[in-house]
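The following note sets out a few points for the discussion of this model. Please read them alongside the coordinates.

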Amino acid sequence: MGVKVVIDCDLKALRKEMPAIFVGLHQCDWDIITMADLPQPGVVCVGKKSLIYTPIFGLIFFLSGNILIDRDNRTKAAEAFLKLADKIKNKGLSVWVFPEGSRSGYGPVKPFKTGALHTAMLSKVKVYPFVTSTYTKQIKLGRLNNGEVHIKLLEPIDGATLNRHDIAKATTALRENMIAAMHELDQHVMRPNGYVLPPDR
C-alpha cells in the first residue's frame, strides 16, 4: 500500500503482560491494515453489534471470536462487559477496544466510553494505550509513497488501582493523554506531499 508503519515497542514482550486490555484510536477503515501487527495471540477485538451487517468483514469478524456489543442498549452493553471481565479473569482472554465507539475520521477525537476501564477494574488487569499518528486521507491506493504511520505504546493503567468513582475521571485523563501523544507523533511523521493535518484534531 506504499505506507511504512513504525511501531516503537516490542510487541512480543507484551505477551508476558497478558491478559490485558488494549485501547487505540479509531480513525478510518485502514486501521485494520495499519494496526495489523498489534493484536497478539489471545487477543480479540470488541466492536459494535452493527458490524455483523458489514458484507464479508462482519461475518469474518464474528467467526474469528471477536466480541460484538450493542452500544445503543446501555443495559446490554454493561452486561456484555461484565461477561468480558469474567472471561479475562477465568480464561486469560485479552481484548482490544476502541473507546471512541466509532471512527473519528479526519475530525477531532471523540469522547471515550468508560467500558474499557470498567472492565480493567473488574478483571484487575492493565490497560495498554496505543496511539497512532493522524493518517486519515493520507493513504491513496495506487500511489507508491503514502508516507509513514507511527504507533506508540503509552504507560499502562493498572485496573487494580481503579475504583468505580474514578472511572469517569480516569477515562477523561486517558483520552487527554492519548490526544497529546498523537499530536507529538504528528510532528515527526513523514507524509506525502500536499497532506494537510486537520486543524481541530
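**Notes on the predicted model**

1. Ile69 is buried, its relative accessible area being 1% (buried: under 20% relative accessible area; exposed: over 50%; partly exposed: in between; 1.4 Å probe, protein chains only). Ile69 belongs to strand β4, residues 67–69 (strands are DSSP runs of E with at least two residues, helices runs of H or I with at least four, both numbered from the N terminus). Its C-alpha atom is separated by 5.0 Å from that of Lys49, 20 residues apart along the chain.

2. The model is predicted: local features need pLDDT of at least 70, side-chain atom pairs count only at pLDDT 80 or more, and totals for chains, interfaces and linings use all residues. Residues are numbered from 1 along each chain as its sequence is written, and side-chain values use heavy atoms, with hydrogens and water left out.

3. Lys48 lies in strand β3, residues 43–48. Lys48 counts as partly exposed because its relative accessibility is 34%.

4. Helix α5, residues 115–123, is mostly covered, with 7 of its 9 residues buried. Among them are Leu117, Ala120 and Met121. Just after α5, Lys124 adopts a positive phi of about 60°.

5. The count comes to 1 salt bridge (a side-chain nitrogen of Lys or Arg within 4 Å of a carboxyl oxygen of Asp or Glu). A salt bridge joins the side chains of Asp186 and Arg191, at 3.0 Å from N to O. Both Asp186 and Arg191 are buried.
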